[in-house]
Amino acid sequence: MFLDTLAQHYREQPDKVALQIIDGPPVTYGQLEAAVNRTANYLLALGIQPGDRVAAQLPKCLSFIYFHLATVQIGAIFLPLNPAYPSAELRYFLEDSGARLLIADAADQAKLDRLTETLPEHQTTFTIVKPQDTGPNWLEDNSARRDYPLPGDPDQTAMMLYTSGTTSRPKGALITHGNLTANIASLHQAWGWRRDDALLHALPIFHVHGLVVALHGALHAGATALLCPAFDARTVLDLLCSRRFSVFMGVPTMHRRLYQLAGGRRYDLSHMRLMTSGSDRLPDDLFFGYQETFKVTLLERYGMTETGMNLSNPLRGERRVGAVGLPLPGVSARIVDPAAEKPLPDGEVGEVQIKGAHVFKGYWRQPEKTAEAFSADGWLSTGDMGLREPDGYYTLKGRAKDLIISGGLNVYPPEVELALMEHPAVAACAVIGCPDAEWGERVVAAIILRAGERADTESIRAFCRERLAAYKVPRRVLIVDEFPANALGKVQKARLRESLCE
Ligand code: MLC
């Protein structure tokens, strides 16, 4: 299991640097073990039991990683939350998950005060940390001894990651210890992770991409990860040029910013063993631009929160532009006709479905949504459309579901629409994604005002900002008289996109 491999690194290379936040002190595997054990003992002393949900809404910092590893180590369920969530969204996640504990940033005290007024009594206690503190209290006050066994059941839930739905509020995807192990084992084989790898980690740490693929990847290998608290293209490019790193992972928006920063100058990054792109489609011009500018062929891969990684272009062999590659070791993929649930021949576009030990076990307390996500014979419907080439490479061809991906982050129109509908002047609304060179897509809202109401679009955006994380707030709000609708009165978003996207 993932935790067993980590324990092996603690034993075998206690003096090797495991983690370092830029400009912070290095943390060796030995120090990491001690900090994680102390944190685990702190959680146990608070009464956290196996199966309890422990939420963390923190910036990218060592405390986050200690709480993450400690929570899964004692058999509790780790629930990472985007620091950008305002209190309205945070309250939903805490209530829905029934979290026993929230680890929060001292800087968010005002947000937490608002939250305590509305949360059910006695549900969640708070541990407030100052994220950049390197020696927080719980590290001094608790023993570094580990007197309990590591979770041994692969079906035990390790993490809960919220994904939004096209028709519902966000759902908690339950990721088991077995899922994490399967994922990381398959990526290690496919991408040739090594102990002497050095990862430059510039992704957010509360998603599958930054947490499982990147951070677990490095720790499982016994490698070293340098963590940038946020993505800054100048810092990242300088560090990549320093030749200290061998692995970098990003979303297309990050790669686009690096490429634009180069501004036509050439940089030789060919010493990088592996540079990957994921969470959204990598545009062809960026793939070729990168090759020319950086002497690097980006490796595009495909995954999702419910599964971790599914498909990947090969480490050795052809990294095909526009394709997401081949099934990873231990992963089965197929293309089906979604209406008939019938596999389709190569070259035909259908829904991508996935099977394997890495596939999540279901949504938290939503058996009907879990059942909907799987076919009768146990394949997970991804909601992505694609085709398989005769030589086994997969290419994505759009989405079956009405999802927007902006800067590698998923935005589900119904969530934004629900927020807009709370506005007293809004009679109806429709949220769509419009193509955008930097973000992949940007969120655009069309609204119809109630008769006699007036509202300016900026105030509507401000209204959304109080209810939604900034990346979900429509970049443009357009006031329209009507929506294109089908015979049943359902808004035709494809036609709306045609008329509203520039
Ligand atoms: C930030 N903003 C965004 C945004 N990120 N808006 C839309 N989409 C986004 N993704 C907002 C900010 O809040 C700010 O709003 C404004 O845009 C400008 O911010 P910025 O400073 O330019 O953005 P920055 O903070 O640099 O963030 C850009 C980014 C970030 C690309 C670094 O979005 C990012 O880290 N994306 C990676 C997401 C990720 O890890 N996805 C993996 C999901 S897992 P305002 O209003 O305040 O000006 C998954 C599975 C898989 O999908 O396969 O990997």
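Which elements each supply at least two residues of the lining of the second largest pocket?

Modeller: Happy to! They are α4 (87–97), α13 (413–421) and α14 (457–467), with helices being DSSP runs (H or I) of at least four residues, numbered from the N terminus. This is a predicted model, in which local features need pLDDT of at least 70 and side-chain atom pairs pLDDT 80 or more, while totals for chains, interfaces and linings use all residues. Residues are numbered from 1 along each chain, and side-chain values use heavy atoms, without hydrogens or water.

Let's start with the pocket itself (on a 1 Å grid over the protein atoms alone, an open set of points with protein on both sides within 12 Å along at least five of seven lines; a lining residue has an atom within 4 Å of a point). The second largest pocket has a volume of about 340 Å³. Its lining is made of 15 residues, and Ala88, Glu89, Arg169, Glu422 and Arg467 are the closest to its centre. Among the helices, α4 contributes the most, with 6 residues. Both domain 1 (2–15 + 23–149) and domain 2 (403–500) give at least three residues to this lining. By class, 8 of the lining residues are charged, 7 are nonpolar and none is polar.

A cavity is a set of points where a 1.4 Å probe fits but cannot get out, and the structure holds 2 cavities of 30 Å³ or more. The largest cavity contains about 60 Å³ of space. Of its 13 lining residues, Ile175, Asn183, Thr305, Thr307 and Gly308 sit closest to the centre.

Look for Met1, Phe2, Leu3, Val72, His177, Leu180 and Thr181, which line the second largest cavity. Here the elements giving two or more residues are α1 (2–12) and α7. Once again α7 has the largest share, with 3 residues. The lining of the second largest cavity divides into 5 nonpolar and 2 polar residues, with no charged ones. So, as you turn the model, you can follow α4 along the second largest pocket and α7 along the second largest cavity.

Methods: Points joined across faces, edges and corners; volume = space filled by probe spheres on them. Nonpolar A, V, L, I, M, F, W, Y, C, P; charged D, E, K, R; others polar. Domains from an automatic or database assignment.
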